[in-house]
Amino acid sequence: MDDFSIEKIQLSGATLASLLHRASAATGDLHGYLFGHVTLSTHNPLSDDSTTSSATAGPVLAATITSFISLPSHLSLPPPPPHTITNTLLGWFSARRKTALRLSLKDSTTTSALSSSTSHSFTPKNSSLSLPPSLFLLLTTPIQDQLIHTHEYKAFQYRIADKTFEPKSLSIINIGPSFRSHYESFSPYAPFPLVNCDLRGPNAMEEDEKVESLGAMKDQKQLDMCAEGFEIGRLSKLVGSEATHLTTELEELYHKMLAKLDGLSKVVEQGSAKVLEQENNIMKLRYKAAGLE
């Protein structure tokens, strides 16, 4: 049985989401087997990076996780099912809650026993090698509950020769022909509402400028009506060297202001009198109705 390093570990977004959901929905910790396939692909030695080592040239082993089975952690793992053409036992996983992302003694012993069994070895595609199911995926949740960062995961490959765990990067793949059906069958739950689109002429920008200028003129007229007699141009003359010659205009402005305040107070007084009169009439009607009863 060979002990070659797996350079790439790939996992589809749907499989990872299903695994995280299974771990979140369970009542406790989980563990189970990982299935997929390993392919021996030819690596392209040509690179624009001058720092690339020549040791990377040559075939590369790439593992793709496609499915899994799980059961509660307090139950022992059953014997794995036999290999098929599409699904091969690649390793196992452990999903724990509120623990650090660190390997345990159980992880080491289980992975060692699974990798040492010659009955579970498999042959990668495009190769005559014999590899053990040496992959291990650890999933944990933060010790303190968080709203956004809810899970952590890390992939390892167990090396039989050194009896050590070698960390591996886990690539999430969501593109390619095998995932095209996921996007083609997508339909939004809330479609965008229909928006009325008016046909505009070639001079649409000039029309917008005209509309804006008309709106500005209308707003200015409303402001002038509210500030009748107190325009900015007239008030600016009351400040500076000409202020001594415009005392009469200043007095006129004050008189107009007082007249407007006096008229406003009279309107308020008349309105208060009408309200009081209505309240008296209502009280009279209530007394009259009470007397008839």
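Student: What pLDDT does the protein average?
Tutor: This is a predicted model. In it, 69% of the residues score at least 70. The average pLDDT is 77.

Student: Where in the protein is confidence lowest, and where is it highest?
Tutor: Helix α3, residues 180–184, has the lowest confidence, at a mean of 56. Where pLDDT is low, the predicted coordinates should not be read in detail. The highest confidence, at 93, is in β5.

Student: How many aromatic pairs does the structure hold, and what is the geometry of Phe 68 with Phe 93?
Tutor: The structure holds six aromatic pairs. In the pair of Phe 68 and Phe 93, the centres are 5.9 Å apart and the planes are at 85°. Planes over 60 degrees apart count as edge-to-face, so this pair is edge-to-face.

Student: Which strands does the pair of Phe 68 and Phe 93 tie together?
Tutor: Phe 68 is buried at 14% relative accessible area, and Phe 93 is buried at 1%. The two parts are 25 residues apart in sequence. The strands are β3 (residues 58–72) and β4 (residues 88–96).

Student: Which residues form one aromatic cluster?
Tutor: Phe 136 and Phe 156 form a stacked pair, 6.4 Å centre to centre with 25° between the planes. Phe 136 is in strand β5 and Phe 156 in strand β6, 20 residues apart. The cluster is Trp 92, Phe 136, Phe 156, Tyr 158 and Phe 165.

Key: Residues numbered from 1 in each chain as written. Predicted model: local features only at pLDDT ≥ 70, side-chain atom pairs only at ≥ 80, totals over all residues. Heavy atoms only, no water. pLDDT = per-residue confidence, 0-100. Helix = DSSP H or I, 4+ residues; strand = E, 2+ residues; numbered from the N terminus. Phe/Tyr/Trp six-rings, centres within 6.5 Å; stacked < 30°, edge-to-face > 60°. Buried < 20%, exposed > 50% of the residue type's maximum accessible area, 1.4 Å probe, protein only.
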